[in-house]
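Take a moment to turn the model around on your screen before reading on. We'll go through it piece by piece, beginning with a single residue.

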Amino acid sequence: MWKLLKIELFKIFKRPRTYIAFGAIAAIVFLIQIALKYDGKSYIDLLLSNLSGSFEFNDDFKDKLLNGYLICFVILNTLLIQMPLLIALISGDAIAGEANMGTLRLAMTKPISRTEYMLVKFTASFIYTLALLVVMALLALFGSMLIFGTNDMVVLRSEGIEQIKNFDVLWRYFAAFGYAAVALTTVSALAFLLSVFAENSIGPIIATMSIVIVFTILSEMNIPIYDETIKPYLFTSHMVAWKGFFYVKANAEGTTINGSIENLPAVLRSLGILIVYIFVFLGAAIWVFRKKDILT
Amino acid sequence: MSTIVSVKNLYKNFKEIKAVNDLSFSVEQGQIYGFLGQNGAGKSTTIRMLLTLIKPTSGVIEIFGLNLQKHRKEVLRQIGAIIERPDLYKYLTALENLRIFAAMSGVKVSEKKLLDQLAMVGLAERAHSKVKTYSQGMKQRLGIATALVHDPQLVILDEPTNGLDPQGIADVRNLILQLSKEMNKTLLISSHLLSEVELIADSMIIIDKGEKIVEGKVNDLFDPAETIIELKTIDDESMYEKLKQSSLESFVHGKRNDCILLKLHRQQVPDAIKQLVNMDVPILSFHSKHSLEDYFLSLTTGSQHVEALKN
C-alpha cells in the first residue's frame, strides 16, 4: 500500500496543474499581506466603523490590532471559501482523470484490489489537501507573524469585540487549521465520489463546486424553516465551525478566559458530522467503484 | 501442453444488449491465439472480462488453472496487457511510466532492466523523453514494454496494430513473434485485421455478435492454397464479360473496387496467367489476396457481405 501511495504522490506532484493551487494560495496571501502592510489602517477603520458608535478606539489600539494574528484570520476567512475549488481540481480528477487518460483500465489490470486502489487514491488526495493547508499556514500565519509581528488578537463579532491574549492565540490557529483539514477533506471526499461516476475530470469538479455553492447559500440563508430542517444536515453549515476556536468565554467582569472555547461541544459536533460525511462519501465511492464495469 | 486460459459459457449483458453470448474457448501454453471479430463483435468485452475490468453476467474464466474471480491478484500478477490503446501518463517519461507499472505489478525492477526493456522495443534512446512527445507507434511499443515489464506468462494484446503505419505494424508483428518464439510467452491477440492474425497466430477463434462462429488451428480453418486474384485491366467491364464467356469462367468470382476477382488454387495460377495473355487481356496488375478475409466475412455476416463484395 505504501508503494502505491508513493506512486500516487509522485504522479500528483509531477503534474504542473498541481502547483496551480499552491501558486494561487501564495498569490492571494501575498496580495492581502502587501495591501494590509501599506494600507492596513484604512482596513482597520472599516472593520471598526460598525462599532465606533459605542466604542472609542485610539491609534495605539489600532496599531496593536493590526498584527500577524488578525491578518491570518482575515486570510483564512477569505481563502477557506475558495479552497474547495482547489481541492476539487485534484480530487475530482483522481478517478475521472485516470479514466479520461485511459490509464485506469491499465491500472485495473494490475494485481491491486479496487478497494486498495481507492484508499490509496483518497489518501493521496488527503495528503495533497494537507500540503495545501501547510503551505497556507506557513504563508498566512507564520508569514504574517514575521511581517506584522504578534500581539493580542481582537475578534470582531456581532455582539461586540473580544480580545485574546497573545500567548493564547497560536494553539487556536493549529486547532483551526486541523479543523480546516477535516472540512476540506469532506469536499475532497465529495469530489472523489463524483469522480467515480465520470470519465473526465471537468464534470466532477463543476459538480462539486455547484454542490458546495448551493449548500453554502442554503447554509447562509436566514429562513427560519431551513434552520431546523435543512441547515444542520448540510456539510457546508459545519465547514465554518473553525471560527469557534476564536470565540472565547468571558467571566462575570467581561474579561476573556484564557484557553477557553465558548461552545466546544458545538465545534466537536460539527467536526463529528464532517467526519461522518467523509466516511459516507468515501464508502459510497468504494462501493460504486467495486461494482463498476470499466469501459473507458 | 497445458491450458492457460479456459473460458466456459461466458455471458455479458449490458441491459438489453447481449455483448457476449455463451462463449467458450481455450488457449494453450506457448500459443499465439488470434481473437477475431468485426468491430462490436464482443472481442474487447471478452478481453476486459479476462482482465477483470468487466464482471461477467455468468460463466467461468480460469487462467493458469485458477478461478479468475477468486484468485484475481495471483492471476493478474502473471498477465501483461494492452487494451485498445496503450494509454500512458503523457506528462511522465517512458522510464517513469515503466517504473510505475512495474511497481503496480508488484515487482521491483532495476533501472538497467527497465532500460533493457525499452531497448527491446527500440526506445532506449528516448527513455527520458516525455510520452507526450512520442508518435503513435512509439506509444504502442512503450505500451508493450509496460505489459512485459513484470515478465508475465500470458500477454493479452487488444488490437495491437491499431493506428500504426505499415512499418509500425511490421515492428509489432515481429515483436509478437519474438515474444512467442524466443521468450516462450503465451499470447492472446485480438484484431479485426485478419491478414495480421493470419501471419502470426497458431490458433484462432472468430466471434460475431458475442457468439463463437468457429475456433481451431489457423491452417485447419481455411485452405491456404486457395487464393483470390485481384485482376486489374484497362477495361474492366468488357474484360469481365469476356472472362465470363471464356474457359476461365468457372474461376470468375466477382468484381470489387474496379478489379475482377478470380478464385483459384495456387497451382492453377500459372495456367490462368497464360490463358489471360493468350486472350489478349490488357493486364495492369495481377495479385493474390488470401481468401481468409472472404472466409471471415462469409462466416460473420453471411451471404449479405459476399454479395456486397461481388458488387
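Which residues does Gln33(A) touch, not counting residues up to four places away in sequence? Keep in mind as you look that this is a predicted model. The residues it touches are Ile71(A), Gly143(A), Ser144(A) and Ile147(A). You'll find Gln33(A) itself in helix H2 of chain A, which covers residues 18-48. Is Gln33(A) buried or exposed? It counts as buried, because it has 23 C-beta neighbours inside 10 Å, and the cut-off for being buried is 20 or more.

Two packed helices are described by the angle between their axes and the distance between the axes. Start with helix H4 (residues 68-91) and helix H8 (residues 170-197) of chain A: their angle is about 25°, and the axes are 8 Å apart. Angles under 35 degrees count as roughly parallel, so H4(A) is roughly parallel to H8(A). H4(A) passes H8(A) in a right-handed crossing. On the H4(A) side, the residues making the contact include Cys72(A), Leu76(A), Leu80(A) and Met83(A), while those from H8(A) include Tyr173(A), Ala176(A), Ala180(A) and Leu184(A). Sorted by class, the contact of H4(A) with H8(A) has 14 nonpolar residues, three polar ones and no charged ones.

Now try another pair, helix H7 (residues 114-148) and helix H12 (residues 264-291) of chain A. These pack at an angle of about 140°, with their axes 9 Å apart. H7(A) and H12(A) are therefore oblique to each other. Here too the crossing is described as right-handed, with H7(A) passing H12(A). Arg114(A), Thr115(A), Met118(A) and Phe122(A) come from H7(A), and they meet Leu282(A), Ala285(A), Ile286(A), Phe289(A) and Arg290(A) in H12(A). The classes in the contact of H7(A) with H12(A) are six nonpolar, one polar and two charged residues.

Time to move over to chain B. Chain B has 12 helices and 14 strands, and its C-alpha trace spans about 70 × 45 × 35 Å along the principal axes. Of its 311 residues, 39% are buried. Look at contacts in chain B between residues at least 6 apart in sequence, and you'll find that 69% of them join residues at least 24 apart.

S6(B) pairs with strand S7 (residues 154-158) of chain B in the parallel sense, over four bridges, and Ala81(B) stands opposite Ile156(B) in S7(B). Moving along, S7(B) and strand S8 (residues 186-191) of chain B run parallel and are joined by five bridges. There, Leu157(B) stands opposite Ile189(B) in S8(B).

Helix H1 (residues 43-50) of chain B is mostly covered, with eight of its eight residues buried. After H1(B) comes Thr52(B), which has a positive phi near 65°.

Finally, how do the two chains meet? The contact takes 21 residues from chain B and 18 residues from chain A. On the side of chain B that touches chain A, helix H2 (72-76), strand S6 (79-82) and helix H3 (94-104) of chain B each give two or more residues. The largest share of that side, three residues, comes from H3(B). By class, the residues on that side of chain B are 14 nonpolar, two polar and five charged.

Technical notes. Residues numbered from 1 in each chain as written. Chains lettered and ligands numbered in written order. Predicted model: local features only at pLDDT ≥ 70, side-chain atom pairs only at ≥ 80, totals over all residues. Contact = placed C-beta atoms within 7 Å. Nonpolar A, V, L, I, M, F, W, Y, C, P; charged D, E, K, R; others polar. Buried ≥ 20, exposed ≤ 12 C-beta atoms within 10 Å, placed from the backbone. Pairing = 2+ DSSP bridges. Axes fitted to C-alpha atoms, helices over the stretch in contact; angles between N-to-C directions. Parallel < 35°, antiparallel > 145°, perpendicular 65-115°, else oblique. Left-handed = near helix turned anticlockwise from the far one by under 90°.
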